Amino acid sequence: MAKARDTSFFCKECGYESAKWAGQCPSCRAWNTMVEAPASSAKGLRNAGRGIGGGLLREAKAYTMAEIKTGEEERIITGMEEFDRVLGNGIIKGSLVLVGGDPGIGKSTLLTQVCRELSSKGTEVLYISGEESLSQIKLRADRIGDFNGHMKLLCETDMDAIEKVLTELKPQVCIIDSIQTMFRPDVASAPGSTGQVRESTNLLMQWAKGLGIAIFVVGHVTKEGVVAGPRMLEHMVDTVLYFEGDAHGAYRILRGVKNRFGSTNEIGVFEMRSTGLTQVPNPSEYMLTGRPLDTSGSVVSCSMEGTRPILAEIQALVARSGLNNPRRSASGVEFNRINILIAVLEKRLGYHMSECDVYVNVAGGMRVSETALDLAIVLALASGYMDVVVPADVMAVGEVGLSGEVRNVNQIESRVREAVKMGFTECIVPASSMNALRKMTNVKLHGVSNVSEAIGLLRKDGK
Ligand code: TYD
Ligand code: MG
């Protein structure tokens, strides 16, 4: 029999495994991403894919659906609502959760605070750091507040040593900060390399399922936006959360990207203060604070983040350009979408946008990709172009098509309700949504079927 290979080549992007090296990954077509690493260990493969409740050494047996008993999943509630919601209402016992994000965004701070909440409720937690010393962690903890209860700290990077401590302490929740610093002595490559990250994660998965410990793994994100090391890290864990936001701004969003135990659409909103992260239970209010009133080029719209409607202010500055190629800039919204909407204004309404520099911004550092904000962007552009103010108590929502038609958007009722909650008295909505909104009587609704009707409203108001 042929001798089993010791090493294989893995694609850093997609995790494709191959016996020989290639310049281009045959699977995802990325160049120069194949690296040599120890072949997948038989031990790891044997245990891969056995769900929660499956012991490590269970016999192979097939079941019918009726035979499978599903008890209530055990969830540990942290008490930080924004965090619990993203996980799908609490931490599942025995789950492996990856928390990704740029360096310095606040991953360690977030998880330290989670540990603090948990330990104050009597949950046994163990925080393992491979990045910082005990005194550095203590310094951060001092900024956050008092710690009491069952939180233990360990500074270690050797997975064998960690296994000993874990089996001895058997905490309910464990944090690994970060996966890129951990190493297995039996894997012959450097910490942070493809092989180490994969094998260490494999081991963590076994501990999580075997010992019933909920494990949170911190992973740094590279410039390209993928978790450093292989993408396959995302495939291996139960849940992937990303902590994102502008490092210079104060607000941060925790977003679920994958969740085997809940919806992936939920977000948690936090604000970074000098005393750690504070939850933002009403993001709309936060986003609209400091909004300029009576200024042209500012329109409020509503974006759905999962099941949560969040109001955001769209700002547009349209200025006469002296350049042959006028400037276009977009922050918080997709650049190409702005170009399309500018072209709609040019072609359908005869605006001379090609003579103007255009800058579009979503205030508050929020990033939105929903087409439901199109109408508000068009109105902000028109308002900026004509120098007409859109009244501050008007919210606009709707998708704009290439012929300038205003189309229906999903969850229109939640959006309008959020606007009413925040004190808006008028909403500009797609005409086709008027029927769905007929029960909303406490707000003045304007149903529009194309952009010129919507812009006509601004003119008529004359405000
Ligand atoms: P950190 O959690 O160390 O980031 P990560 O683990 O994602 O690399 O957070 C780093 C930043 O957060 C750092 O620049 C300082 C800032 N910070 C505050 O502004 N207030 C605080 O109370 C704490 C603890 C950190
Ligand atoms: Mg950190």
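The legends below describe several close-up views of one predicted model.

In this predicted model, local features need pLDDT of at least 70 and side-chain atom pairs count only at pLDDT 80 or more, while totals for chains, interfaces and linings use all residues. Residues are numbered from 1 along each chain as its sequence is written, chains are lettered from A and ligands numbered from 1 in the order in which they are written, and side-chain values use heavy atoms, with hydrogens and water left out.

**View 1. Helix α6, residues 194-211.** Helices (H or I, at least four residues) and strands (E, at least two) are DSSP runs, numbered from the N terminus. The expected span of a helix is 1.5 Å times one less than its number of residues, and for the 18 residues of α6 this gives 26 Å, which agrees with the 26 Å between its end C-alpha atoms. Because 16 of its 18 residues are buried, α6 is largely enclosed by the rest of the structure; buried means under 20% relative accessible area, exposed over 50%, and partly exposed in between, with a 1.4 Å probe and protein chains only. After α6 comes Gly212, with a positive phi near 70 degrees.

**View 2. The packing of α5 against α6.** Helix α5 (residues 159-169) packs on α6 at an angle of about 10 degrees, and their axes are 12 Å apart. Axes are lines fitted to C-alpha atoms, for helices over the stretch in contact, and angles run from 0 to 180 degrees between N-to-C directions. The two helices, α5 and α6, are therefore roughly parallel to each other, a term for angles under 35 degrees. The contact (heavy atoms within 4.5 Å) includes Met159 and Ile162 of α5 and Leu203 and Trp207 of α6.

**View 3. Helix α10 and the largest nonpolar core.** A nonpolar core is a set of buried Ala, Val, Leu, Ile, Met, Phe, Trp, Tyr and Cys residues joined through side-chain atoms within 4.5 Å. The largest has 66 residues, and Leu375, Leu379 and Leu381 are among those with the most contacts inside it. Helix α10 (residues 374-386) gives the most to this core, with eight residues. Eleven of the 13 residues of α10 are buried, so α10 is largely enclosed by the rest of the structure.

**View 4. The loop position of Glu59.** Glu59 is in the loop between α1 (42-47) and β4 (75-76), and Glu59 is exposed, with a relative accessible area of 71%.

Methods:
Angles under 35 degrees count as roughly parallel, over 145 as roughly antiparallel, 65 to 115 as roughly perpendicular and the rest as oblique.
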